Amino acid sequence: MPSDTDWLSFVPRSVRTTPADLLAVVVVVVLTCGAVTVPGVRDTPLRIVLGLPCVLFVPGYAVIAALFPEAGPSVAADGDADAADRTGIDGIERVALSFGTSIAVVSLLGLLLNFTPWGLRLVPIVVSIGALTVVAAVVGSRRRAALPEGERFGVTVRSSLPDGPNPFSSGSRTDAAFAVVLVLCLAVAVGVGGYMVAAPGSGESFSEVYVLTENQSGQLAAEDYPTEFTAGEPTPLTVVVGNHEGTQTDYVVVSQLQRVRVANNTTTVLERESLTRYRPSVDADSTWRTEHAVTPTMTGDRLRLTYLLYEGTAPAEPTAENAAQAVHLWVNVTDSNSESS
């Protein structure tokens with residue numbers, strides 16, 4: 001009859017020889033990448049449950065494992081003459097250093113990503129943290145394998161209470177009390193962080209509309225807008241809608257050319273010319289853009305070219321007062337006949 005452990009022969013040797021704690025680190029990274037990228041899963045609380053430890057603890061633990069593969073002096077059994085000479089750190093120190101190192105590593109990665117074409121976006125951040133964590137775990141696993149078995153740090157999973165040394169305890173009551181306080185503080189920190197991620201402030205959700213034009217180098221920019229238009233002749237502008245509401249949103253963009261009167265800090269619309277409407281559906285944390293060929297028929301000086309943004313539907317009479325967001329340009333529109341004469 002085959003042994004109960006025969007199924008392990010189907011597992012690659014590199015996986016079988018990987019320390020359990022570092023293998024768990026890699027598993028957490030893989031699950032987190034799936035939780036933040038797979039449709040249907042990325043909008044569930046699972047992303048927060050896996051994301052918090054993957055940001056606050058796991059990267060630092062992998063880095064510390066690569067830097068300190070040796071077991072701490074307290075892990076050795078009594079009577080081990082070499083225990084006092086070991087340069088490793090014990091489990092409590094590893095936990096504390098892992099949190100601090102994770103914060104430093106994630107902050108540094110965020111700073112570096114800010115200067116790359118990918119920027120500070122969710123997928124690049126998760127991929128960079130995951131890649132660094134996996135590399136550090138592999139280095140840590142190999143460094144442990146290069147040490148004698150008795151000098152390696154490791155976490156043993158037992159089915160009963162262990163009777164041997166505990167890598168996360170030094171046997172001192174002071175250290176035990178410190179461990180309890182540390183765990184409580186970390187639990188509070190993780191809880192507060194989870195609440196902030198799960199219930200962000202209302203000020204963080206907004207929509208925006210803005211206008212870009214092509215500059216002299218051929219790039220879209222918010223500068224050097226055209227001010228002279230000719231009635232009946234198109235002038236290109238690029239309209240952009242940004243969705244920062246945290247969920248996919250349907251918008252209506254209304255463009256108007258308005259003749260206004262400004263007196264006593266009050267703007268009164270005397271005449272409106274409707275130009276066009278757009279109805280984009282924009283994913284969360286994404287932007288939508290389109291080229292608008294502005295072709296006015298109303299003529300005059302100091303006319304207001306206005307873009308009004310609405311969520312869902314637009315009212316029968318769109319105005320700057322009832323719009324969620326509005327942006328405008330001051331333009332002059334001349335009659336084509338007057339130019340030719």
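Analyst: A salt bridge here is a side-chain nitrogen of Lys or Arg within 4 Å of a carboxyl oxygen of Asp or Glu. By that criterion the structure, which is a predicted model, holds two salt bridges.

One of them joins Arg144 to Asp21, and the closest N and O atoms of this pair are 2.9 Å apart. Arg144 belongs to helix α6 and Asp21 to helix α2 (residues 20–37), so the pair links distant parts of the chain, 123 residues apart. Buried means under 20% relative accessible area. Arg144 counts as buried because its relative accessibility is 2%. Asp21, at 11% relative accessibility, is therefore buried as well.

When neighbours within four places in sequence are left aside, Ser141 is in contact with Thr18, Pro19 and Leu22.

An unreviewed UniProt entry places the feature "transmembrane region" at residues 20–41, 48–68, 95–115, 122–140 and 176–198. Over residues 122–140 the model is 100% helix and 0% strand, with the end C-alpha atoms 27 Å apart. Residues 48–68 are 90% helix and 0% strand, and there the end C-alpha atoms lie 29 Å apart.

The other salt bridge is formed by Glu271 and Arg259, whose closest N and O atoms are 3.2 Å apart. Glu271 lies in strand β6 and Arg259 in strand β5, so this pair ties together parts that are 12 residues apart in sequence. Glu271 counts as partly exposed because its relative accessibility is 38%. Arg259 is likewise partly exposed, at 27% relative accessibility.

Strand β5 (residues 249–263) and strand β6 (residues 266–278) run antiparallel and are joined by 11 bridges. Within this pairing, Leu257 of the former stands opposite Glu273 in β6. Together β5 and β6 form a hairpin with two residues between them, and Asn264 in the turn has a positive phi of about 55°. In a regular strand, side chains alternate between the two faces of the sheet.

Further strands make up an open sheet of four, in the order β2-β1-β4-β8 with antiparallel pairing. Its edge strands, β2 (220–221) and β8 (286–294), each pair on one side only. Two bridges hold β1 (residues 206–214) and β2 in the antiparallel sense, and Glu214 stands opposite Leu220 in β2.

Some surface features complete the picture. Leu108, Leu111, Leu112 and Phe115 form a nonpolar surface patch with about 460 Å² of accessible area together. Leu112 lies in helix α5 (residues 91–113), and it counts as partly exposed because its relative accessibility is 49%.

For the protein as a whole, the model contains eight helices and 10 strands. Of its 341 residues, 34% are buried. Among contacts with a separation of 6 or more, 70% are between residues 24 or more positions apart. The accessible surface comes to about 20400 Å², and carbon and sulfur atoms account for 58% of it.

Technical notes
Residues numbered from 1 in each chain as written. Predicted model: local features only at pLDDT ≥ 70, side-chain atom pairs only at ≥ 80, totals over all residues. Heavy atoms only, no water. UniProt positions renumbered as here; feature names shortened; annotations may be inferred. Patch = residues over 30% accessible without salt bridge, like charges linked within 9 Å, V, L, I, M, F, W, Y side chains within 5 Å. Areas by Shrake-Rupley, 256 points an atom, 1.4 Å probe, with all protein chains shown as cover. Buried < 20%, exposed > 50% of the residue type's maximum accessible area, 1.4 Å probe, protein only. Contact = heavy atoms within 4.5 Å. Pairing = 2+ DSSP bridges.
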